[in-house]
Amino acid sequence: MIQQHLTLLPVIFPLIMGALLLLPPITNSLARQRNVALAACLVLIALSVWMVQVASSGSIQLYYLGDWKPPFGILFVADRTSALMVLLSSSLTLGALLYATGGDDKTGMFFYPLFLFQIAGINGAFLTGDLFNLFVFFEVLLIASYSLLIHGGGKQRTQAAMHYVILNLVGSAFFLFALGILYGTLGTLNMADMASRIHQLQPDEQALVKAGGLLLLVVFGLKSALLPLQFWLPRTYSAASAPVAALFAIMTKVGIYSILRVHTLVFGPEAGDLANLIQPWLWPLSLLTLTIGAVGALASPSLRMLAANLVIISVGTLLIAAAIATPQAIAAALYYLVHSTLIAAALFLLADAIGEQRGKPGDRFVSARRVQQPILLGSAFFIAALSLAGLPPFSGFVGKLMLLQASSEPSIASWVWPALLISSLAAIIALARAGTSLFWRVSGENSASEPAAVLKLSGVWLLLICSPLMVIFAGSITEYTRLAAEQLFNIQPTLELILPQGAK
Amino acid sequence: MEAIFAFSVGLLTAAGVFLSLRGRSFPVVVGITLLSYAVNLFLFSSGRLTINGAAVLGTSEVYADPVPQALVLTAIVIGFAMTAFVLILGMRSRADLGNDHVDGRLAVEPEEKKK
């Protein structure tokens, strides 16, 4: 009975739990809120593991809301890719929530409900099969993220939130324009139905659909921080409180996932005259994103800013894979996506923990007091740095190696290899500088701050431990991502499953 | 009718884009509001313009496409909530930062420099 509704549960469950957290018996005490939120998160992880298990057999789970069959009703689709993304978002949440119990949840009201609402939005965006529904879930996750960003208050956050909110509101307007164009020409917003109708367009309508598809790229590019639209990211991420910044690490991936989903299914290789619509744009933009991320990483004045710029580097790397657009590259990208999200989140948490123990200078790269727990925090930073820079034996190395292998064709490799390798070098230099100035440039008396709480640091370690685990189980994970990428590109079975009578 | 409709949507969009590129938060909020009006009208027209058409079966000879109407309804609700939020945020930033510039600081005027 539950399995029948499994596809909807990762969306509806956090929504219900978030609403419950607002009600009297739980909302009155912080301890109860923490316990219920952590319990909800554990259940969510169990649900998503189950979902991955179901999806790994290769079957695509469909859920018709209100039993309205597509193309008329709203549809939820859980294939291998979406199940993986849902598992990623729930594991990330557990790490961020564990860290938040250390005190970041006390600075304002409704921290946990907002957190759960945002998870509901993110999971919804991963699972929906309808373009308008994707817009709705974008808005759900955005409005929760607006409130979370400003949570705790302060000048810097207000300033960053102003930019972030206005940019995203304009982005939402663009999204609706794109949806209007696509509905007006294709007559549907169900992604599978759009994919099957895109062949039957009149030549004069093709230009319109092209404009709509490229507008969608602008919107998803804003979410994922593609080059001309990435300026908001470092400031926003470094202004947010640590658990929120960690959760935001997956927000850029929502944009990347949407690009992968929409531009393989609707505008993919089988879209006739409109096939591979975004590739000519994505190539230069992704390479430039990577470059600007590397320059930003070298110029970062604090660890949070550095982590934010490393997020931009990872976005550039992933979009290069989306530009190559072969199943092999996408498989590498999915592996790299999971790795970079978890480790970037861990680095945001770590930056906060280190900053707290260094007193007034915080996580800026200047000399300060010695941190209270140099070995514990230092080794965590070391693992995160090695992993993000892509050095063996951690998961970043495996991910980058897979990506380099996927782009080994000489015409592609001459562009991709230098960009990827030089950006890795920039990341190594920036992280080495960060590590030496944070841990070794010590001045003044010893730190008087208290050591970080065990539960708080367990959040960091939980995320970090995923890196060696992803190497140990690399065989089965890469096999899963390879099949997921093939499923993403092999759209005919998906179309036949979703539209049994209408698929062409 | 189509020409007037298209002209109004275009005018609203142009005004919205112009205002949302201003430096003060109030014009930006008004610009975003205008942009969302333009979007709603545009979305409405994506089901083609019909006169005297009903969206419910069995009530009229001519039918209008009901889907864009449902989409617009959703978009209006979301747009309304977002506008309310950005308005409050604008007031908050006016209080926190001491001015209503979107960057949180005013550009230095040339005359002030001379003083």
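Here is a tour of a predicted model, moving from chain B to chain A.

**Stop 1: chain B on its own**

Hide everything but chain B. Color by burial if your viewer can do it, and 30% of the 115 residues of chain B count as buried. Among contacts in chain B with a separation of 6 or more, 47% link residues 24 or more positions apart.

Next, select residues 6-21, 28-47 and 67-89 of chain B, which an unreviewed UniProt entry lists under "transmembrane region". Two of these are worth a look here:

- Residues 28-47 of chain B are 90% helix and 0% strand, with 30 Å between the end C-alpha atoms.
- Residues 67-89 of chain B are 100% helix and 0% strand, with end C-alpha atoms 33 Å apart.

**Stop 2: where chain B meets chain A**

Bring chain A back. The contact involves 26 residues of chain B and 21 residues of chain A. Which elements of chain B give two or more residues to the side that touches chain A? Select helix H2 (25-45) and helix H3 (66-97) of chain B, and you have them. H3(B) gives the most, with 14 residues. By type, this side of chain B splits into 17 nonpolar, seven polar and two charged residues.

**Stop 3: Phe132(A)**

For one spot that involves both chains, pick Phe132(A), which is in helix H6 (residues 131-150) of chain A. Is Phe132(A) buried or exposed? It counts as buried, with 22 C-beta neighbours inside 10 Å. Leave out neighbours within four places in sequence, and Phe132(A) is in contact with Leu179(A), Leu189(A) and, from the other chain, Leu71(B). Also try the distance tool between the C-alpha atoms of Phe132(A) and Thr188(A): they are 56 residues apart along the chain, with a separation of 9.8 Å.

**Stop 4: two covered helices in chain A**

Select helix H4 (residues 80-100) of chain A. Its 21 residues reach 30 Å from first C-alpha to last, close to the 30 Å expected at 1.5 Å a residue. H4(A) is mostly covered, with 20 of its 21 residues buried.

Then move on to helix H5 (residues 111-127) of chain A. Its end C-alpha atoms are 25 Å apart, which agrees with the 24 Å that 17 residues should span at 1.5 Å a residue. How many residues of H5(A) are buried? The count is 17 of the 17, so H5(A) is largely enclosed by the rest of the structure.

**Stop 5: the annotated domain and the core**

Select residues 129-411 of chain A. An unreviewed UniProt entry annotates this span as "domain: NADH:quinone oxidoreductase/Mrp antiporter transmembrane". The span is 76% helix and 0% strand, and its end C-alpha atoms lie 35 Å apart.

Now for the largest nonpolar core, which has 219 residues. Those that touch the most other members include Leu179(A), Phe348(A), Leu350(A) and Ala384(A). Helix H15 (residues 327-357) of chain A gives the most to this core, with 22 residues. Zoom in on Leu350(A): beyond its neighbours within four places in sequence, it is in contact with Leu377(A), Ala380(A), Phe381(A), Ala384(A) and Val460(A).

**Stop 6**

Some background first: most residues other than glycine have a negative phi, and most peptide bonds are trans.

- Pro392(A) and Pro393(A) are joined by a cis peptide bond, with omega about 10°. Pro393(A) lies in the loop between helix H16 (374-389) and helix H17 (395-406) of chain A.
- Asp67(A) is not a glycine, yet has a positive phi of about 55°. You will find Asp67(A) in the loop between strand S1 (61-64) and strand S2 (75-78) of chain A. Asp67(A) counts as exposed, with 7 C-beta neighbours inside 10 Å.
- Ala325(A) also has a positive phi of about 55° without being a glycine. Look for Ala325(A) in the loop between helix H14 (303-324) and H15 of chain A. With 19 other C-beta atoms within 10 Å, Ala325(A) is partly exposed.

Note on methods:
Residues numbered from 1 in each chain as written. Chains lettered and ligands numbered in written order. Predicted model: local features only at pLDDT ≥ 70, side-chain atom pairs only at ≥ 80, totals over all residues. Helix = DSSP H or I, 4+ residues; strand = E, 2+ residues; numbered from the N terminus. Expected span 1.5 Å × (residues − 1). Buried ≥ 20, exposed ≤ 12 C-beta atoms within 10 Å, placed from the backbone. Contact = placed C-beta atoms within 7 Å. Nonpolar A, V, L, I, M, F, W, Y, C, P; charged D, E, K, R; others polar. UniProt positions renumbered as here; feature names shortened; annotations may be inferred. Core = buried A, V, L, I, M, F, W, Y, C linked by C-beta atoms within 7 Å.
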